[in-house]
Amino acid sequence: MSRFILILACLLLATPSLAANPYTSNGLKDVFFGETLYHAFQEDWFQAIARLDTELGQYRRLDEPGLDTLSYHINQAQFGVGDFELGYRMHLRAGRAMTAVIEGNVEEPVRNEAIYRLARLYFQKDQPEDAFHALERIRGGVPAAIRDDLEFLRGQILLANGRFPEAARAFKDLQKAGSLEGFAGYNLGIALMKEGKEQDGRESLDRTGQILSDTPATLAIRDKSNLVLGYKLLEENAGENARLVLERVRLSGPFSNRALLGSGWADASQGRFERALVPWSILAEREVTDPAVQEALLAVPYAYGKLNVHGRAAVLYGKALESFGKEVDKLGASIKSVKEGKFLQALSREELKQDSDWVVRLRSLPEAPETHYLLQLMASHDFQESLKNYLDLNELQKKLDVWERDLDAFEDIIRERRAYYEPLLPEIDRAFRQLDSQMRLRLEQRERIQKRLNAMLTAPRPDYLATGEERIISENIGRMEQALAANGGTPDETKERINRLQGVLLWNISTEYDQRLTDTFRNQRDLNEVMDRLKKQYNAFVRTRQAATQSYEGYDDLISRERNRIASARENVKVLMACQGNMLETMAVNELARRRERLEKFQITARFAIADSYDRASKAQTEKSVGK
Amino acid sequence: MYKLLKVIIVLGISALLFILPAYGQEAPREQVKGLDEQVQEIKTDVLSIASQLSQLEEKLLYPSDTQIAIFVSVAKGEKFRLDSVDIQLDGKPVAHHLYTFKELEALQKGGVQRIYVGNVRTGEHALQVTASGKTEGGSDFRKDESFRITKDIGPRLVGVVLAGTGIGSKTITLKDW
């Protein structure tokens with residue numbers, strides 16, 4: 001049962017639901033956007049927003065953002081950040097995100113979707129007029145996926161602004177929208193009744209109350225329709241019809257307690273107290289902190305009294321009194337405990353957060369009376385929001401503590417790196433400079449050779465490709481010629497031999513020129529490969545060298561700045577937690593005191609009723625004896 | 001007496017219906033709103049710190065020259081229950097993750113999990129991925145795949161896609177992001 005109260009709370013105060021994935025319908029192109037969604041789908045809003053903010057920030061700083069993979073998802077990302085902020089209850093930022101999309105250079109459907117989201121945000125923040133004016137800005141096409149939701153929101157906003165006939169028309173048009181099954185009918189009923197068309201409204205509620213469905217949300221709204229209609233009929237003393245309608249409410253749903261109570265009163269109003277006892281007796285066995293159950297504890301003996309079973313009535317009033325006494329004590333202990341600060345301590349218990357039903361589980365904690373009535377407190381929107389804020393602040397505080405330790409660790413790493421690299425780097429730099437100059441020299445040589453070879457393709461120069469041996473021979477011949485000339489001329493026979501040798505040399509160089517040129521180009525290509533490897537190695541070294549310096553330099557200011565920001569944020573969080581905690585405690589104490597006051601009145605009533613029942617029982621006994 | 005009781009109970013029912021939603025309205029609305037806005041502001045500040053720290057952490061611990069990040073995703077439409085994923089890089093275990101229901105649901109909806117981020121040298125590396133869980137039919141499965149990946153200059157983003165646990169189909173594939 002308690003679970004259903006939570007479901008109900010969620011139903012009434014819906015936050016963005018990411019049941020399906022509306023963000024990557026055409027496939028995922030950007031892995032970091034996918035990572036953001038991974039966190040968002042788990043409702044880890046903080047991580048989702050932090051990552052998406054970083055991604056969007058980097059995207060906006062790009063010179064050509066169109067080339068980035070996030071550009072495929074940019075519209076969804078911009079909506080996403082608003083949705084996630086809404087999930088994290090950052091309505092102001094979410095509103096700004098939506099406004100930025102609306103005012104940006106976007107297509108009509110995208111703009112209209114943003115307006116829809118902004119209007120929904122205003123509506124959730126109890127600003128129906130702003131929501132209405134936002135919707136007035138919608139022009140042209142609306143994406144098919146949100147068309148029904150938009151019309152439903154329009155109806156709700158019109159209803160909240162008191163424009164009942166228009167609201168009724170909007171809901172009437174949505175009667176066949178499958179995704180809104182039940183919700184459109186219920187709201188139509190309310191709008192019609194507010195418009196003054198009481199009968200039409202009731203018919204709509206009646207139809208909604210008979211919908212066949214297995215969807216939990218539809219079943220809940222069906223129950224709610226029946227409850228509202230049933231109590232309307234009950235107020236008008238149409239007991240039989242009220243009973244029929246209230247009996248449609250599921251026995252296990254979030255509205256079942258109130259339906260059982262009303263169903264009993266429907267019978268009682270027709271004097272059928274025996275039948276009234278059936279729902280009331282079921283109800284009286286349920287969780288006693290529920291106000292309807294507490295009412296039933298008085299209603300059951302009241303019915304027995306009406307059936308002239310005064311003895312049984314007196315006993316049950318006694319039991320009710322006992323139960324109220326226990327609850328009054330529990331409430332007193334709760335108030336005391338809350339005032340001692342234990343309520344906030346209980347809410348911060350880490351192990352409970354792992355469980356989605358943690359609010360329910362809190363109540364079963366032994367020796368934690370401050371949490372017994374938490375579920376009932378959760379029915380208040382303000383309390384829920386304040387509680388969520390308190391828990392968020394608690395999480396922020398933990399994050400800030402961890403980050404401060406992270407910064408200490410970062411500084412340690414930087415210190416270690418500096419101590420390692422600084423003594424090594426001067427020697428490495430010296431050796432590198434030496435190698436660098438050698439390398440540059442060789443590179444220049446290679447460039448020269450390359451240019452000469454390229455020139456030889458158009459102007460052949462066989463002498464450039466002479467081998468070392470051929471050069472030596474050529475030089476020797478030249479020297480011989482000079483020596484002979486210096487000694488007074490060369491004999492013809494010697495001259496002839498020199499010419500022959502020069503001829504052989506020239507013949508070899510000229511005839512082998514093509515082959516030699518080909519071989520030289522091949523060698524040049526091999527050399528280029530080696531040079532490429534060298535360049536890569538050189539670049540890798542330069543990068544590693546830069547990385548070495550970058551691994552410990554340039555962080556001091558950043559770390560110091562972030563440390564100051566963390567310290568300031570921690571201080572603010574501490575102050576806000578104290579304020580928020582105080583507000584929660586005040587709300588809790590006020591509510592618990594009100595509940596205790598109400599039970600104390602019930603105690604007085606029960607005491608009078610016990611006495612009255614005993615009187616009647618003994619009177620009946622006396623009459624019986626006299627009769628005999 | 002009974003009339004009085006009945007009046008109290010009927011009044012109580014009405015109160016139940018119409019007063020319940022107004023629980024805890026004692027704190028002035030403006031005060032609640034003002035505090036809520038302050039909480040929103042501090043959230044903005046802390047988010048901005050988170051963003052700065054994440055960039056600092058990446059620059060300091062995982063420079064782009066050596067960074068490798070491994071991402072896990074589940075192919076569209078897959079309904080198997082993933083229990084765990086283990087990653088080995090160059091023969092050393094670097095990541096082991098057990099999946100909660102929420103995490104698995106996030107993967108099935110199209111989210112991508114960064115399961116590992118670390119540093120490696122440029123060049124070829126051996127990557128081994130092991131996934132275990134239950135098939136849609138309820139039987140246990142455990143699949144291993146080995147891959148060779150190349151690390152160049154710049155961050156290396158490796159996607160591990162889990163799909164089709166049926167016989168003969170490739171369960172684990174790589175995707176370059």
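How many residues does the contact take from chain A and from chain B? It takes 71 from chain A and 55 from chain B, counting two residues as in contact if their C-beta atoms, placed from the backbone, lie within 7 Å. The model is a predicted one, in which local features need pLDDT of at least 70 and side-chain atom pairs count only at pLDDT 80 or more, while totals for chains, interfaces and linings use all residues. Residues are numbered from 1 along each chain as its sequence is written, and chains are lettered from A and ligands numbered from 1 in the order in which they are written.

On the chain A side of the contact with chain B, helix 26 (residues 556-627) gives the most, with 19 residues. Helices (H or I, at least four residues) and strands (E, at least two) are DSSP runs, numbered from the N terminus. That side of chain A splits into 39 nonpolar, 17 polar and 15 charged residues; Ala, Val, Leu, Ile, Met, Phe, Trp, Tyr, Cys and Pro count as nonpolar, Asp, Glu, Lys and Arg as charged, and the others, Gly among them, as polar.

Turning to chain B, an automatic or database domain assignment divides this chain into domain 1 (26-61) and domain 2 (67-176). Their centres, taken over C-alpha atoms, are 34 Å apart. Chain B also holds an open sheet of 4 strands, in the order 4-1-7-8 and with mixed pairing (two strands pair if DSSP finds at least two bridges between them). Strand 4 (113-119) and strand 8 (172-176) of chain B sit at the edges with a single partner strand each, so one side of each lacks a neighbour in the sheet. Neighbouring strands are turned by 25 degrees against each other on average, direction ignored.

Back in chain A, helix 15 (residues 273-284) and helix 16 (residues 291-306) pack at about 150 degrees, with axes 8 Å apart. The two helices of chain A are therefore roughly antiparallel (over 145 degrees). Residues in their contact divide into 13 nonpolar, 1 polar and 1 charged.

Conventions: Axes fitted to C-alpha atoms, helices over the stretch in contact; angles between N-to-C directions. Parallel < 35°, antiparallel > 145°, perpendicular 65-115°, else oblique.
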